[in-house]
Amino acid sequence: MKIEITTEERLFRQEVRDWLSDNVPSEPRPLDGPEAAEFDRDWQRRQHEGGWAGIAWPKEHGGRGLGLTQQMIWLEEYGRAGAPSQGYFFVALAHAGPTLIARGTDAQKAFHLRRILRGESIWCQGFSEPGAGSDLAGLSTRAQIEGDHLVVNGSKIWTSYGHVADYQELLVRTGPPAGRHQGITWVICDMKTPGVEVRPIRNMAGIHELNQTFYDNVRIPLSNVVGQIDDGWRVAMATLGFERGTGLIAFQVEMAQRLEHLAETARADGAVRDSLVADRLATLQAELRAVRSMSLLNISRAERNGTLGAEGTLAAVYLSELEKRVARFGFDLAGPSRLEREPRARDAAFEYFDSFNRTLAGGTSEIRRNIIGERVLGLPRGK
Amino acid sequence: MIDLIPDGDQQALLNSITSFLRDKAPVGKARTADLWEQIAALGWLGLSRPESAGGIGLGAAEEMLLMREGGRFLVTPSLMATLLAVRFADETGRADLATELAGGTRHAALAIPRDAETLYIIDGAQAELLVTIEEDRVTLRRAPSPGQALQSSDDGVQLSLAPIGEPLNGSADGLQARLLVAAQLTGIAEAVRDLATEFAKVREQFGQPIGAFQAVKHACADLAIRAEAALAQTSYAALCLAENLPDAPAEVAAAARVAGDAAVTGAEAAIQLHGAMGFTEECTAHLFLKRAHLLTLFAGRGSWQINALIAP
């Protein structure tokens with residue numbers, strides 16, 4: 001246990017801070033629509049030009065190849081500077097790219113990785129289905145091999161930014177229908193392929209980010225398969241091996257800023273003199289500090305063990321539930337003015353309604369608690 | 001870099017503390033107050049005194065590790081009181097007193113005012129000195145005559161009531177005190193997580209271990225999540241305090257708040273997870289609950305935490 005801030009780290013922090021203060025867009029990110037996609041492409045391109053794209057990606061694939069401490073500094077300063085979230089580049093940067101780095105062919109890497117970093121291609125995820133949510137291994141979208149193509153039929157759901165995406169990481173069943181984890185294939189789907197249809201789903205916060213995707217005899221070249229045919233489950237899980245504990249830092253810093261803004265409002269309008277408000281605010285501030293420390297603990301584990309195991313789920317659940325409490329606090333604090341929505345803005349109502357996504361996306365809190373129970377605590381699986 | 005995991009030396013210290021307590025002071029079976037000479041001989045009481053003064057020369061991080069185990073094994077609060085009294089004595093120029101306390105020949109106990117005239121003393125039968133924590137200061141008092149024995153809501157300690165005496169001159173910084181409280185609460189949060197989880201693995205109903213049922217599994221997961229938050233935050237707060245960083249008061253206050261919640265809520269859940277056994281005196285879960293509630297009285301839950309966390 002120790003804190004040791006080197007001169008190198010201080011200089012790096014200053015470099016990051018300077019670059020961000022010169023480059024972070026001053027206008028807020030549009031909530032949805034093609035203008036959001038354009039905004040995200042621009043911001044990704046600007047980061048690439050500055051040499052800050054793919055900070056955790058290896059240099060040989062165009063990334064910055066930063067160590068864990070430097071990644072943490074970048075992410076902290078990123079949040080502090082009010083830089084936009086990864087937005088529609090989240091799947092490309094956090095999931096599809098790392099999967100290709102781990103399991104892609106040389107041709108796949110050469111074609112896709114730099115396009116992602118340069119802000120040229122947005123990726124979406126085609127994992128969940130109407131009949132396979134938490135039980136992902138029950139997926140039934142079929143792919144038949146015909147010559148040198150896969151022919152896909154079926155449907156995916158909760159396809160975030162599918163309506164603006166260029167590519168999709170798609171899980172299809174190539175083996176027997178009831179094969180569970182076996183017989184699944186991970187394939188790159190070009191969203192412009194004939195037979196792909198994307199229908200919008202508006203969420204409870206009133207924006208269009210989610211979609212349902214339909215596949216009608218969609219022909220995908222076999223050269224787009226990542227890993228082996230029928231080995232897609234392991235390919236999909238490959239990114240878990242890259243988890244190093246830094247994944248939550250940007251969210252946590254963003255939340256810290258939101259809470260600080262709420263605290264200032266509460267001080268300015270006197271709400272903080274209400275002891276119930278003060279106590280709630282103090283608890284949220286304490287939990288926010290705890291979530292940062294949980295990231296630090298996970299990074300310490302990853303430094304030692306090379307990777308972070310299921311223990312990372314502890315902080316992930318804690319963060320997602322805290323985000324909901326912070327958003328609810330902001331909504332409560334707004335008082336009667338919460339009746340009014342500010343059109344197309346991240347007002348208190350938007351933050352609150354949107355926060356319900358946190359304990360659903362990427363695994364519900366219930367599934368994550370199963371993971372903690374079974375893989376962290378060693379409790380038995382149910383019969 | 002920031003490393004929140006004990007290094008080799010710290011781990012060795014931790015192992016020696018744990019193995020001593022596991023052997024000599026299993027929870028609910030022994031009173032650590034009776035082991036004082038052995039504890040003094042191990043050097044725990046002078047852990048953070050400089051080696052030139054006969055101490056071990058370690059810091060806030062090691063004291064945090066010691067008191068985390070103190071919480072896990074429900075060690076007498078006099079251990080924390082003594083560590084704080086030693087610091088007080090050293091910081092106020094009473095080196096001889098510090099040496100006697102660290103050597104186990106003089107005794108300190110934790111106390112808390114009941115009203116303007118009286119205070120409660122915890123495990124103070126042998127104590128010559130009383131330690132109180134007020135807002136951000138630690139104060140020492142001479143213990144009056146034994147005082148009036150009372151029944152304690154924490155049956156792991158002896159409680160007495162005595163008139164408040166005059167404090168000794170000077171005071172010491174209270175942040176270390178709040179940190180050590182948080183450390184014990186963290187140890188309790190980890191202990192109840194382990195207690196409930198181990199029970200859920202062996203207790204069978206409907207033909208399988210109850211831990212296979214999601215209602216139980218998720219409750220255990222919650223214990224793990226809260227204990228993780230407490231451990232991470234208390235570890236980081238200890239380092240901030242050791243390095244005297246500007247954020248140390250807020251980090252320690254956060255640790256006290258998060259660990260207090262983890263310990264109390266966790267102990268309550270551990271009782272429930274043991275079923276009717278959890279309601280018995282024999283099951284140790286209630287001992288953790290009672291100690292957690294005792295300690296939160298010293299966590300500055302009111303104005304101190306709020307000021308440190310949301311300072312205007």
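Trainee: At roughly what angle do the axes of helix 9 and helix 10 of chain A cross?

Mentor: Two packed helices are described by the angle between their axes and the distance between the axes. Here the axes of helix 9 (residues 312-333) and helix 10 (residues 348-355) of chain A cross at roughly 150 degrees and come within 8 Å. Helix 9 of chain A is therefore roughly antiparallel to helix 10 of chain A, a term for angles over 145 degrees. Axes are lines fitted to C-alpha atoms, for helices over the stretch in contact, with angles from 0 to 180 degrees between N-to-C directions. Helices are DSSP runs (H or I, at least four residues), numbered from the N terminus.

Mentor: Before we continue, note that this is a predicted model, in which local features need pLDDT of at least 70, side-chain atom pairs count only at pLDDT 80 or more, and totals for chains, interfaces and linings use all residues. Residues are numbered from 1 along each chain as its sequence is written, chains are lettered from A and ligands numbered from 1 in the order in which they are written, and side-chain values use heavy atoms, with hydrogens and water left out.

Trainee: Which residues of helix 9 of chain A meet helix 10 of chain A?

Mentor: Contact means heavy atoms within 4.5 Å. On the side of helix 9 of chain A, the residues are A:Glu323, A:Lys324, A:Ala327, A:Arg328, A:Gly330 and A:Phe331. Their counterparts in helix 10 of chain A include A:Tyr352 and A:Phe353.

Trainee: Is A:Asp32 buried or exposed?

Mentor: Buried means under 20% relative accessible area (1.4 Å probe, protein chains only). A:Asp32, in the loop between helix 1 (7-23) and helix 2 of chain A, has a value of 8% and is therefore buried.

Trainee: What does the side chain of A:Asp32 reach at 2.9 Å?

Mentor: A polar contact is a pair of N or O atoms within 3.5 Å; within protein, one must be able to donate a hydrogen and the other to accept it, and residues adjacent in sequence count only if both atoms are side-chain atoms. The side chain of A:Asp32 reaches the backbone nitrogen of A:His208 at that distance. A polar contact of 2.4 Å also joins the side chains of A:Asp32 and A:Arg344.

Trainee: Where is A:Phe39 placed?

Mentor: A:Phe39 belongs to helix 2 (residues 33-49) of chain A and, at 10% relative accessibility, counts as buried. Beyond its neighbours within four places in sequence, A:Phe39 contacts residues including A:Pro25, A:Pro30 and A:Pro84.

How values were computed
Helix = DSSP H or I, 4+ residues; strand = E, 2+ residues; numbered from the N terminus. Buried < 20%, exposed > 50% of the residue type's maximum accessible area, 1.4 Å probe, protein only. Parallel < 35°, antiparallel > 145°, perpendicular 65-115°, else oblique.
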